[in-house]
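Me: Can you walk me through this model? I'd like the packing and the charged pairs, in plain words.

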Amino acid sequence: YFLQCVEQLSEISKKVSSTIKHSEAIEASILEIKHNEVFSLTGESENSLRWLLRVYAFRHADLLNISAISLIAVVLLDVYEGDFERAFWVLDAMMDNIIPSSYYTETAVGIQSDSLVFDELARRYIPDLHLHYKNAGIDVEVLGSQWFSSLFVGVLFLKHTIRTWDVLFVEGSDILIRTAMMLLCVPRSTILKIDDEEELLV
């Protein structure tokens, strides 16, 4: 029993240390969101986001890419009207049961893998668009990794992001690659007329 207690205390200590370690990253992410015109953080919603991320960091001691998690969390807080407990459990369910577990690890191998698949699909089925991005100095694989890590927050309009998440809950993470392909295919003719790198990234 004593050894079990020691192990439990050791585990709690690690989680507390991890939460402290992530505090700076959490504050930096919140500051970044506050300066993003897409979101509107009040004092109350900012505090809710802070607590949501702290609890999530405590529960997931190996949490990485807090910036991306913060974007997902702030949308969930908006959906649940500031109820950070409900938002937390939905975030937890998304990350534990729907999003591939390798997405937010140290190597982010899940995001890398899906980005490679996305790049290959774009090269195979829309080669002119793939080449257009390449000639503009934009790597479609890198573009995909940015979209996948944020689950399209800040990429799609908020209502479309939430709709994508609805399908994500029903059909699983395959919708992420399909959505990325749609983002290239639907405005294809317009994209091909754009040569400016910054415009292509919008």
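Reply: E171 and R178 form one, with their closest N and O atoms 2.5 Å apart. This is a predicted model, so local features need pLDDT of at least 70 and side-chain atom pairs count only at pLDDT 80 or more, while totals for chains, interfaces and linings use all residues. Residues are numbered from 1 along each chain as its sequence is written, and side-chain values use heavy atoms, with hydrogens and water left out.

Me: How many salt bridges does the whole structure have?

Reply: A search of the whole structure finds seven.

Me: Which salt bridge links distant parts of the chain?

Reply: R188 with D128, at 2.9 Å from N to O. R188 is in helix α10 and D128 is in helix α6, 60 residues apart. R188 is partly exposed with a relative accessible area of 31%, and D128 is partly exposed too, with 33%.

Me: What does R50 pair with?

Reply: R50 forms a salt bridge with E46, and their closest N and O atoms are 2.9 Å apart. The two are four residues apart in helix α2, so about one helical turn separates them. R50 counts as buried at 14% relative accessibility, and E46 counts as buried at 15%. There's also a network, in which salt bridges that share partners join E27, K34, E46 and R50.

Me: Staying with that helix, what does L53 touch?

Reply: L53 lies in helix α2 (residues 43-59) and is buried, at 2% relative accessibility. Leaving out residues up to four places away in sequence, L53 touches I26, I30, I69, S70 and A73. A contact means heavy atoms within 4.5 Å. L53 and H22 are 31 residues apart in sequence, with 9.1 Å between their C-alpha atoms.

Me: And what does the charged end of R54 sit over?

Reply: The ring of W51, at 5.3 Å from the ring centre. That call needs NZ of Lys or CZ of Arg within 6 Å of the ring centre and within 35 degrees of the ring normal.

Me: New topic: how many aromatic pairs are there?

Reply: Seven in the structure. Rings of Phe, Tyr and Trp (its six-membered ring) pair if their centres lie within 6.5 Å; planes under 30 degrees apart are stacked, over 60 edge-to-face and the rest tilted. The Y103 and Y104 rings have centres 6.0 Å apart and planes at 70°, so that pair is edge-to-face. Y103 is buried at 1% relative accessible area, and Y104 counts as buried at 10%.

Me: What about W147 and F152?

Reply: They make a tilted pair, 6.4 Å centre to centre with 40° between the planes. Both W147 and F152 are buried. Ring pairs also link F118, W147, F148 and F152 into a cluster.

Me: Which residues have the most contacts inside the largest nonpolar core?

Reply: Y104, L151 and L184, in a core of 59 residues. Helix α3 (residues 66-79) gives the most to this core, with ten residues. A nonpolar core is a set of buried Ala, Val, Leu, Ile, Met, Phe, Trp, Tyr and Cys residues joined through side-chain atoms within 4.5 Å.

Me: What do the buried residues of α9 pack against?

Reply: They pack against α5 (109-125), α6 (127-135), α7 (140-149), α8 (158-171) and α10 (188-191). The buried residues of α9 include I175, L176, T179 and L184.

Me: And how far apart are the end C-alpha atoms of α9?

Reply: They're 17 Å apart, which agrees with the 16 Å that its twelve residues (174-185) should span at 1.5 Å a residue. The expected span is 1.5 Å times one less than the number of residues.

Me: Last one: what share of the chain is buried?

Reply: Buried residues make up 42% of the 202 residues.

Methods. Buried means under 20% relative accessible area, exposed over 50%, partly exposed in between (1.4 Å probe, protein chains only). A salt bridge is a side-chain nitrogen of Lys or Arg within 4 Å of a carboxyl oxygen of Asp or Glu.
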